[in-house]
Amino acid sequence: MSVTIDELRVLIPTIGVELTPIIQSEPGCGKTSLLSMLEEDMGDGYDYIYVDCPVKDMSDIAMTIPNHETRTLENYVGSLFKLSSDKPKVILLDEFMKAPKLLQVIFTRLMLERTVGDIPLPEGSIVFGTSNNQSDGVGDSMLAHAGNRVCIIPMKKPDVTSWLPWAIENKVSPSICAFVHTFPRCLHSYLDEGEEDNPYIFSPKRHQLSYVSPRSLTKGSVIVENRDKLGENATICALNGTIGASASADMNSFLRLEKELPSFESILKDPERAHIPEQISAQLMLMFQAVDKIETQADLTSFMKYLDRINSSEMQAVFFTMACQHKKVVRLVRNNPNTAKWAVENHELF
């Protein structure tokens, strides 16, 4: 069993004051992003602190300094923890299980007692950590006595259904979104049955530095958006080094379809006559472009007229589903007579 990112956004603030969750998943699935998501959810009443555990040493956490007046040693805590502020803290111990063993011991008191050095955190502070699965084979381990003091929770890898709304909201290239919708296997997990030969994804049985993950797809967006400037060869090489050679080859073939696409401006200007590509993959690109580019009720009305000309209720449903999950566009959808009419006529699709 595993929990989703959305479930973790509720779980961490609910139990994280008294019990430290350690979130585990395979590489590139969005664990680190949880800190920014919690900041979005919880607002500015907290200090949000990122601790990159594998690269820290003792001097980053606390040091003992001589007090010559009392002839004793006093503990000075690193500024990393913002203890000069009275706000409660939300502290992410990222890649906790890759931290040096001595630091794991030091962090144990933080996780158990909400104390840094000898200084307690402000009341209401939340501490959580992340780690890769031990089966990933990337060097994660934890002392047994420490593991019994925390809550180790496996996180479900985002799939197409959960990742696409996030990707659209966060301006990932519409072409990459359409590719993922067409090739959902690229977001499967090596832990899933039957994925032993999946050429796209991370697997501890293969030596690979570049593979498809939610993170690498997001990183690849800048490459895809600048492919005209880069040229085909540089684009393929850059994608090879970001999402792996198998996904790069398929994505390059997929991107060539974009030559069939009418400009989005031409669709809005003349939706009754703008060209409709025959390839389903090209139509998908248009659906994701629309969710990204629609700004006004006039834009939405024009695109709905174009969409009515596409003889596929499934393709129309792709646009409608993504639009209803987009914070900006959904406000337009709710007040648009064309989308209301389409929803009534196609209610059986949902």
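This report describes the overall build, nonpolar cores and aromatic pairs of a predicted protein model.

Residues are numbered from 1 along each chain as its sequence is written, and side-chain values use heavy atoms, with hydrogens and water left out. Because the model is predicted, local features need pLDDT of at least 70 and side-chain atom pairs count only at pLDDT 80 or more, while totals for chains, interfaces and linings use all residues.

**Overall build**

The protein chain holds 18 helices and 9 strands; these are DSSP runs numbered from the N terminus, with at least four residues (H or I) for helices and at least two (E) for strands. Along the principal axes, its C-alpha atoms fill a box of roughly 85 × 45 × 40 Å. Of the 350 residues, 47% count as buried (under 20% relative accessible area, with exposed over 50% and partly exposed in between; 1.4 Å probe, protein chains only). Among contacts (heavy atoms within 4.5 Å) with a separation of 6 or more, 71% join residues 24 or more positions apart.

**Nonpolar cores**

A nonpolar core is a set of buried Ala, Val, Leu, Ile, Met, Phe, Trp, Tyr and Cys residues joined through side-chain atoms within 4.5 Å. The largest has 59 residues, of which Val-180, Phe-303 and Phe-319 touch the most other members. Helix H14 (residues 280-293) supplies the largest share of this core, 8 residues. Apart from it lies another core of 20 residues, including Val-51, Ala-99, Leu-121 and Val-127. Val-180, leaving aside neighbours within four places in sequence, is in contact with Val-160, Trp-163, Leu-164, Cys-186, Leu-187 and Leu-217.

**Aromatic pairs**

The structure holds 11 aromatic pairs. Rings of Phe, Tyr and Trp (its six-membered ring) pair if their centres lie within 6.5 Å; planes under 30 degrees apart count as stacked, over 60 as edge-to-face and the rest as tilted. Two of the pairs are set out below.

| Pair | Distance between centres | Angle between planes | Class |
|---|---|---|---|
| Phe-179 and Phe-254 | 5.8 Å | 80° | edge-to-face |
| Phe-202 and Tyr-211 | 5.3 Å | 55° | tilted |

Phe-179 in helix H7 (residues 174-182) and Phe-254 in helix H12 (residues 245-255) are 75 residues apart, so that this pair links distant parts of the chain. Both Phe-179 and Phe-254 are buried, and together with Phe-183 and Tyr-200 they form one aromatic cluster.
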